[in-house]
Amino acid sequence: MKTLSALLSVLGALATFAVASTALPASAAELELEGPRLRVSGMLDGSATKAFIEHLDTGKVRVVVFEDSFGGTAEAAEIYAKAIRASGVNTEARGQCYAACAYAFLAGKEHRFGRGIQVNGLLIPVAMRPNPSELQSRWRGDEAQKTLAEFTAVSSSRPATLPVSTSDSPRGALSATNVASPATVSSTAPSAPRENWQPDHGLLFSSTPTLFGRVYNTYYCDGSQGRDVSKCEALSDADPYKLGVLTP
């Protein structure tokens, strides 16, 4: 009976993954504080960056949990990533974490998939199919964040740090040192950077629950598959732990 129950739970998780892979949620990011864990769900569109930084600024958050976030903007991804790196918190991905979410996730001091019966998926956008040597170093340490520049073209008139409204509280160490004040933005700066990434084009690292533990697979998705990730190319010798995508 227990075996049957476990099997039904796995089938339910796979069905949830199939539904999530065929629909692209359009909801803006939502934040929910659960003790020392800050849960972020929805698109990283920049609407919640101020509140996100203020939460990390308290020093009470230990883990940022990204749950079913199917993308967002490159600009918002960089803001989230900078705040996460500056605070030194860990990150966790539950369910699906695509594009903008993936870059923010990789900024964690330690970055892991969530436990449970859900299927976890992390899609990191890439400009082209990486060769084996690129896979070995591309997402280790600071290299993970350097690749963000491949997908953002910013005018030279725009400051290097991104503008975010911040709290006036003296505890705003994160806000003051890592994110520029809106007043520093040049009047000639463009309203937003041009983004070169496609939410469905990149490397997909998946973790599927089974009766014998989790199974990890890596795929290259060229974008033509839409939300049907079963059409992506399976890659061998691309274990997310060996590549540094997931922290042991």
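Predicted model: local features only at pLDDT ≥ 70, side-chain atom pairs only at ≥ 80, totals over all residues.
You'll find His201 in strand E9, which covers residues 201–210.

Is His201 buried or exposed? His201 has a relative accessibility of 10%, so it counts as buried, the cut-off for that label being under 20%.

The protein chain has a mean pLDDT of 74, with 64% of its residues reaching 70 or more. Over residues 1–25, the pLDDT is below 50, and this stretch has 28 contacts in the model beyond near neighbours in sequence.

Residues 153–194 are another stretch to read with care: pLDDT stays under 50 there. For that stretch, the model has 69 contacts beyond four places in sequence.

## Helix H3

Next up is helix H3, which takes in residues 74–87, 14 residues in all. From its first C-alpha to its last, H3 reaches 20 Å, close to the 20 Å expected at 1.5 Å a residue.

How many of the 14 residues of H3 are buried? The count is 10, so H3 is mostly covered. The buried set starts with Ala74, Glu75, Ala76 and Ala77, and goes on with Ile79, Tyr80, Ala81, Lys82, Ala83 and Ile84. After the helix comes Gly88, with a positive phi near 75°.

## Strand E4 and its partners

Now for strand E4, residues 90–98, which is mostly covered, with 7 of its 9 residues buried. Which strands does E4 pair with? One of them is E3 (residues 63–69), and these two pair in the parallel sense over 6 bridges. As an example, Glu67 has Arg94 in E4 as its bridge partner. Helix H3 belongs to this part of the picture too: E3, H3 and E4 make a right-handed β-α-β unit.

E4 also pairs in the parallel sense with strand E5 (residues 111–113), over 3 bridges. Here Glu92 has Arg112 in E5 as its bridge partner. To get from E4 to E5, the chain crosses through helix H4 (residues 100–106), and this β-α-β crossover is right-handed. Then there is strand E6 (residues 120–125), which pairs with E4 in the parallel sense over 3 bridges. In that pairing, Gln96 has Gly121 in E6 as its bridge partner.

## Two aspartates with positive phi

Back in strand E3 sits Asp68. Its phi is positive, about 50°, although Asp68 is not a glycine. Asp68 has a relative accessible area of 34%, so it counts as partly exposed.

Where is Asp237? Look in the loop between strand E11 (233–235) and helix H8 (240–243). Asp237 has a positive phi near 55°, again in a residue other than glycine. With a relative accessibility of 59%, Asp237 counts as exposed, because the cut-off for that label is over 50%.

Technical notes:
Residues numbered from 1 in each chain as written. Heavy atoms only, no water. Helix = DSSP H or I, 4+ residues; strand = E, 2+ residues; numbered from the N terminus. Expected span 1.5 Å × (residues − 1). Buried < 20%, exposed > 50% of the residue type's maximum accessible area, 1.4 Å probe, protein only. pLDDT = per-residue confidence, 0-100. Contact = heavy atoms within 4.5 Å. Pairing = 2+ DSSP bridges. Right-handed = clockwise from strand over helix to strand, strands pointing away.
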